[in-house]
Amino acid sequence: MKISPKKSLGQNFLTDKKILNQIVNLGEIDKNDTIIEIGPGTGNLTEEILKKNPKNFTVIEKDKNLVQILKNKFGNRIEIINEDILKFSHNKYDNKKIIIFGNLPYNISTQILVNWLRIENLENYCKKFILLFQKEVAERITAEDNSKNYGRLSILSSWKLDIKKIKDINPSSFFPSPKVMSSLLVLEPKKNYYNLKNSKNLEHITNIFFNQRRKMIKKPMKLIFKNFEDVAKSLSLDLNLRPQNLSKLTYYKICSYYEKLLN
Ligand code: SAH
């Protein structure tokens, strides 16, 4: 079957054998592992993962044509789910501690990540994520405070995940070549992280702060808290600072205050 990659589905297939091998090795796959691959495409990475003989292997691919190709190629050696990852329910993998791979469709990569962060007890669900992002997005995920890429995504991701950047990957490693550089990240769920009730609250708080990232934090604080001056005082917050000056921990504390208000 002839393949014509669909731009709308972010189809840039990874073709560089060396990088495919490196990605699989980062998984440290053991024969008892359960693997999920997001957006397997034509199965380049899938094929390398299969060589490690994982116990269970499921791939989730939205494109019907590609699903047919995968079925022809792999038969029943893997479970192939023809679904949109954004609509996929994670519940049936409870307590399996899966390893998740994905050369993600870049147009929805941040939404995919935010959805994973919403999973309660993520540390019991997933051992690690090995993911490719557009380089700019990887920079936002890994940014520290007081830097230009620092924001919502950095604060949300570091809340539950230890993140390591492995390397940047050139467009020439893909077919068709994307217009952007890519980065390979390994993200491991933390065993202990700041106790918040619901990640949606942290999404909400960081949204309000970073909606106007150049304004002083007095404004978002006022929007969130009636008694914003008291909250600021108890957190020793200078209301003249900008959103990017506050540490991640400060955001978790602000969110915790906000959650107390919701009761
Ligand atoms: N992993 C493959 C392909 C990566 S391209 C490789 O490295 O060769 C991104 C893949 O994600 C494509 O196969 C695309 O069809 C698929 N995809 C795009 N949107 C998706 C969605 N919402 N849910 C599941 N898969 C999706």
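User: How far does a polar side-chain atom of Gln-11 lie from an oxygen atom of the ligand?

Analyst: This is a predicted model, in which local features need pLDDT of at least 70, side-chain atom pairs count only at pLDDT 80 or more, and totals for chains, interfaces and linings use all residues. Residues are numbered from 1 along each chain as its sequence is written, and side-chain values use heavy atoms, with hydrogens and water left out. Gln-11 is among the residues that come nearest the ligand, of the 22 around it (a heavy atom within 4 Å). Between a polar side-chain atom of Gln-11 and an oxygen atom of the ligand, the distance is 2.8 Å.

User: Which residue has a side-chain N or O atom 2.8 Å from a nitrogen atom of the ligand?

Analyst: Leu-14 uses a backbone N or O atom, 3.0 Å from an oxygen atom of the ligand. The side-chain N or O atom that lies 2.8 Å from a ligand nitrogen atom belongs to Asp-84.

User: Is Glu-203 buried or exposed?

Analyst: Glu-203 is found in helix H8 (residues 199-210; a DSSP run of H or I, at least four residues). Leaving aside residues up to four places away in sequence, Glu-203 touches Val-114, Arg-118, Arg-152 and Leu-156 (heavy atoms within 4.5 Å). Because its relative accessible area is 8%, and buried means under 20% (1.4 Å probe, protein chains only), Glu-203 is buried.

User: How many of the nine residues of helix H4 are buried?

Analyst: Helix H4 spans residues 109-117 and is largely enclosed by the rest of the structure. Its buried residues include Val-114 and Trp-116.

Note on methods: Helix = DSSP H or I, 4+ residues; strand = E, 2+ residues; numbered from the N terminus. Buried < 20%, exposed > 50% of the residue type's maximum accessible area, 1.4 Å probe, protein only. Polar contact = N/O pair within 3.5 Å; in protein donor to acceptor, adjacent residues only side chain to side chain.
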